[in-house]
Protein chains: 2
Amino acid sequence: MSYQDQAARTLALLSATPDWRRVRDLRPDLDDATVTAIVEEAAAFAEGVLAPLNTVADRIGCTVSNGRVVTPDGYGEAFRQFAEAGWLGMDVAEEHGGMGLPLAVQSACEPLFDRACVALMMAAGASRAACHLLASTADAATKATWIPKLVAGDWAATICISEPEAGSDVGRIRTVAREDGGIWRISGQKIWISFGDHDMTARIGHCLLARTNAAPGTRGLSLFLAPDRLDDGSRNGVVLERIEEKMGLHGSPTCALRFEDAEGILLGAEGRGLSQLFAMIEHMRLQSGGQGLALASAACDIAEAYAAERRQGGAPDRPAPPIASHPDVIRQLALMRARTEVVRAGVTEIAAAMDRAAIEPDAADRERLGHFTGFMLPLIKNFGAEAGFNVASAGIQVLGGVGFTKDWPLEQYLRDSRIISIYEGTTGIQAIDLLTRRIWRDGGIGFDICLERARAEIEAATVPEAARAREALATIDALRGAMMELAATPEKGLERADSFMRAVWSFVSIWLSIRLIEAGCDEDATRRAFPVFLAELEMHDRLCR
Amino acid sequence: MSYQDQAARTLALLSATPDWRRVRDLRPDLDDATVTAIVEEAAAFAEGVLAPLNTVADRIGCTVSNGRVVTPDGYGEAFRQFAEAGWLGMDVAEEHGGMGLPLAVQSACEPLFDRACVALMMAAGASRAACHLLASTADAATKATWIPKLVAGDWAATICISEPEAGSDVGRIRTVAREDGGIWRISGQKIWISFGDHDMTARIGHCLLARTNAAPGTRGLSLFLAPDRLDDGSRNGVVLERIEEKMGLHGSPTCALRFEDAEGILLGAEGRGLSQLFAMIEHMRLQSGGQGLALASAACDIAEAYAAERRQGGAPDRPAPPIASHPDVIRQLALMRARTEVVRAGVTEIAAAMDRAAIEPDAADRERLGHFTGFMLPLIKNFGAEAGFNVASAGIQVLGGVGFTKDWPLEQYLRDSRIISIYEGTTGIQAIDLLTRRIWRDGGIGFDICLERARAEIEAATVPEAARAREALATIDALRGAMMELAATPEKGLERADSFMRAVWSFVSIWLSIRLIEAGCDEDATRRAFPVFLAELEMHDRLCR
């Protein structure tokens, strides 16, 4: 039932998202009934096919045998079914074998799949990201060879970025690519590669950054596709060094790979690797936010159901009331739910805006939308991740001792979610991106568009909370000016980057709470949590001063 | 090295704690050199004997074989050495075979042991708690038989409270005790019993609450000691049902026991079980705070050391600087350290006050000190627990991807610490205790004493932060009045209990930060974090209104 509840919540939020209405206008081929059927079918697939794998993925996990990763029983078959049903290539263009659906629909479905088995979905996410990357950078032949195979789940792909000395600092990548008789050969070590090896597909293509010239930092980096097997079926120079032993996500093998004169295909222009990668990183940030949302959604549902059943307290000579009737438990559940639904509203908002940024007929509109989503993505990436972890932890607290046991999946959600605020850019990196690129470099255009949207929605709102939201608008507007001034003293600014990002997210939470309350989406919980968002905004604003 | 650093920090804080000076005046048998030697020796013992067990305790954990719990290799020997060195009975009276040291000294050492292997220390903690419980409730013969054996580590003990239908709500305990020919026989099921069974000692005594009369709620409960073996060595009616599969603390077997007409010794007066237990619960709350402090201390040290070594960022053609030089990392490390040291100051403050409450010659002084510690214990229990979890999580964030792996112990600290804010009374229970008992029932006497102490220290302080601390005093004083008024509308009060507890802790953090800064204890980190404590106080205060 709760998968369908999540589908219903998602569909209600799509309807409440102004940009989604615009996307539908621009995509007359889509009607509401189709979208509803897709999201409900995703819920059924997640619950029926993926969810049964989640515990075994955690308990047995992935192992290494004869230098290859062995995935849990059932993984290969589920991955095949996932691709076959079209889910993997939902938002890949039809010309490449995908379904060509809007990102907003993909982002509505993905948290259902992630909820069911976030570890296995790391494989699908990597292949999907590679499809987008190849579509935007590869030559026609490579596209035609690879993308349909990836969409079909016959082959898989990875994204390799980090190296031992190059984590957050990609400019220190040492892997090199040399052209030799018209063939690029890549040598170096890459780490933190999700599904860097596995037994689910016949071939794995590695998308990676390597240094092709002597320019320091990111300017010398180019993008390559290096498959584990060459076209003739022989092994390429890609060696699995190890998989990491982790706190969670045991069902996602995190690989260290060594490239030894591995043949690779140059993607796009030489020396343009990082900027070409960036469009894909934006997709992955949204996806990370969706992963956090997925685990937060599951934790909310479990805690609410448990609290309605578990009875404690009251007069000792009378039957105990459900703990869901105790004031402090009501508070806990409301805050969990509101934090979760704000993230859901945020994911929907950004995905629909990204759709518009791709298909609006007017170039100026597309550019403005690009600024808006560029500003919002660090937020949804980080606070989606934090919601996953914090709501899972809050769910454990509601359940008490049993929440700490493996009799319930909350402890797995806590373990699985802890990495989300680290990979695809840590919290610190998102905060620095927001401040130095979106505010200082871009002059805060994306922020201004965010404030315009929020203002329009808050001004039009009729709920009583709107008055306090208007005060919040004034607070955040003033903060915008203060942060802009800090461009002159960047060190001071960087000290405040985290508080600034949190202040902005508190404001976005206030804005999207107005949307939720107006639309009657988890209205009670959101109303109860609203003063918390206001108080958090004040706190973070104060810490920026 | 870091164990000795922790010892040094602890000793510096003891010196800075006014009540500790008074304890030394009242205990002329103790001199500074002795106390220093004890704490440093505890650090060496923790590092040398206990720490090597921590990983194996987590990875292999406890198992059940032939109906008995099997502990990890080395546990029995370490437990024996721990007791033999006198650590188990440090603060147990000398007449019972203990060392008769102040609680402040015990509380200085315990976080060193917990840091090294918190799971094994759950066994020592239970035996020690039982020593105190027996000393205050048992008849002379039982005391003479049991306490020296427990102190020596020949026997062990447990505290059994929870049952499946009686978790936070102890008034619903169903286990019954019937007197039959002068012998009490106990029947029922108990759960969440740490080290409810194990193979480290020849005998295990279970301290438990059982119902001896028909009075509803807690009034019908009496306290018993039921050993697993009778005096003649035969088995008593105590059956191990299972051990829980948990997220962490794998090295501490969490047992479900069934009592089947088990013989037990009545401790103290019939029907007075819960109130008799309460003195011991106070000890266990302090101990829980110390466990959180232990894991936070370890996480800080690891993150600081890692950040000083790990190099990222800076100009790509120059060697990378250590990440400890990046503004956002400086911020993260300072907040971790300050949150940790505030808890250390709090544990020291309360332990010294509990010592005074036991030995001050004037009864009125003792009563006032009892009110103060009663008010402070829910705070240190909960925020010690939260510091353990949050600082471990923050440490993972500083390390990035490697923090999520089992190559570092931070992920184990995170998993181990998650239960601390649940057992011995959840966060919600502590918040309700603070508001309903310490404020409404006691008229806020303990709070007033806390404010008096804080005021005296802040007024005398010379550091620039003192001015802001005085404003915080005014804020919390006003909040005291507002919360008192809510006694008339308890439902409204209970909705705010969590925010109230957090506001008080923010204030206590401000007060103790002044102490830390004045004394030069982690002055830089505390100074950097000070504005965060001020902002948090404002936020929680606002949410109480």
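Two residues are in contact when they have heavy atoms within 4.5 Å of each other. Keep that in mind as you look at this structure, which is a predicted model.

## Where the two chains meet

Let's start with the interface. On one side, 66 residues of chain A take part, and they are in contact with 67 residues of chain B. Putting the chains together buries about 5400 Å², and carbon and sulfur atoms give 59% of that area.

What about polar partners? Across the interface of chain A and chain B there are 34 residue pairs in polar contact, both residues having pLDDT 80 or more. Several helices of chain A give two or more residues to the side that touches chain B: H9 (327-359), H10 (363-399), H11 (410-417), H12 (427-441), H15 (490-495) and H17 (523-544). The largest share comes from H17(A), with 10 residues. Sorted by class, this side of chain A has 25 nonpolar, 16 polar and 25 charged residues.

Charged residues bring us to salt bridges. Side chains of opposite charge can pair when their charged atoms come close. Between chain A and chain B the count is four salt bridges. One to look up is the pair A:Arg542 and B:Glu538, with N and O 2.2 Å apart.

## Salt bridges in the whole structure

Over all chains, the structure holds 106 salt bridges. Here are some to find in the viewer.

| Residue | Partner | N to O distance |
|---|---|---|
| A:Arg542 | B:Glu538 | 2.2 Å |
| A:Arg453 | A:Asp19 | 2.7 Å |
| B:Arg453 | B:Glu349 | 2.8 Å |
| B:Arg438 | B:Asp442 | 3.8 Å |

Take the salt bridge of A:Arg453 with A:Asp19. A:Arg453 sits in helix H13 (residues 445-460) of chain A and A:Asp19 in helix H2 (residues 18-26) of chain A, so this pair ties together parts that are 434 residues apart in sequence. A:Arg453 is buried, with a relative accessible area of 18%, and A:Asp19 is buried too, at 5%.

Over in chain B, B:Arg453 forms a salt bridge with B:Glu349. B:Arg453 belongs to helix H13 (residues 445-460) of chain B and B:Glu349 to helix H9 (residues 327-359) of chain B, so they tie together parts 104 residues apart in sequence. Are B:Arg453 and B:Glu349 buried or exposed? Both of these residues are buried.

Another chain B pair is B:Arg438 with B:Asp442. B:Arg438 is buried at 9% relative accessible area, and B:Asp442 is buried at 15%.

Salt bridges can also link up into a network. One such network in chain A is made of A:Arg9, A:Arg115, A:Asp301, A:Glu304, A:Arg337, A:Glu341, A:Arg344 and A:Asp522. A:Arg344 turns up again as a contact of A:Thr10, along with A:Ala108, once neighbours within four places in sequence are left aside. A:Thr10 itself lies in helix H1 (residues 2-15) of chain A and is buried, at 5% relative accessibility.

## A covered helix and a buried Phe

How many of the eight residues of H11(A) are buried? Eight of eight, so the helix counts as mostly covered, given that buried means under 20% relative accessible area. Among its buried residues are A:Leu410, A:Tyr413 and A:Arg415. The buried residues of H11(A) pack against H4 (54-59), H6 (103-137), H8 (273-309) and H10 of chain A, together with helices H10 (363-399) and H11 (410-417) of chain B.

Now go to helix H17 of chain A, where you'll find A:Phe530. A:Phe530 is buried, at 3% relative accessibility. Apart from neighbours within four places in sequence, A:Phe530 is in contact with A:Glu465, A:Arg468, A:Ala469, A:Ile510, A:Ser513 and A:Ile514. For a sense of scale, the C-alpha atoms of A:Phe530 and A:His198 are separated by 45 Å, and these residues are 332 apart along the chain.

## What about disulfides?

A disulfide is a covalent bond between the sulfur atoms of two cysteines. Searching the whole structure turns up zero disulfides over all chains. A:Cys131 is in no disulfide either, as the nearest cysteine sulfur, in A:Cys207, is 9.2 Å away. A:Cys62 counts as buried, at 12% relative accessibility, and A:Cys131 does too, at 1%.

How values were computed
Residues are numbered from 1 along each chain as its sequence is written. Chains are lettered from A and ligands numbered from 1 in the order in which they are written. This is a predicted model: local features need pLDDT of at least 70, side-chain atom pairs count only at pLDDT 80 or more; totals for chains, interfaces and linings use all residues. Side-chain values use heavy atoms; hydrogens and water are left out. Buried area is the accessible area (1.4 Å probe) that two parts lose on being put together, summed over both. A salt bridge is a side-chain nitrogen of Lys or Arg within 4 Å of a carboxyl oxygen of Asp or Glu. A polar contact is a pair of N or O atoms within 3.5 Å; within protein, one must be able to donate a hydrogen and the other to accept it, and residues adjacent in sequence count only if both atoms are side-chain atoms. Helices (H or I, at least four residues) and strands (E, at least two) are DSSP runs, numbered from the N terminus. Ala, Val, Leu, Ile, Met, Phe, Trp, Tyr, Cys and Pro count as nonpolar, Asp, Glu, Lys and Arg as charged, and the others, Gly among them, as polar. A disulfide is a pair of cysteine sulfur atoms within 2.5 Å. Buried means under 20% relative accessible area, exposed over 50%, partly exposed in between (1.4 Å probe, protein chains only).
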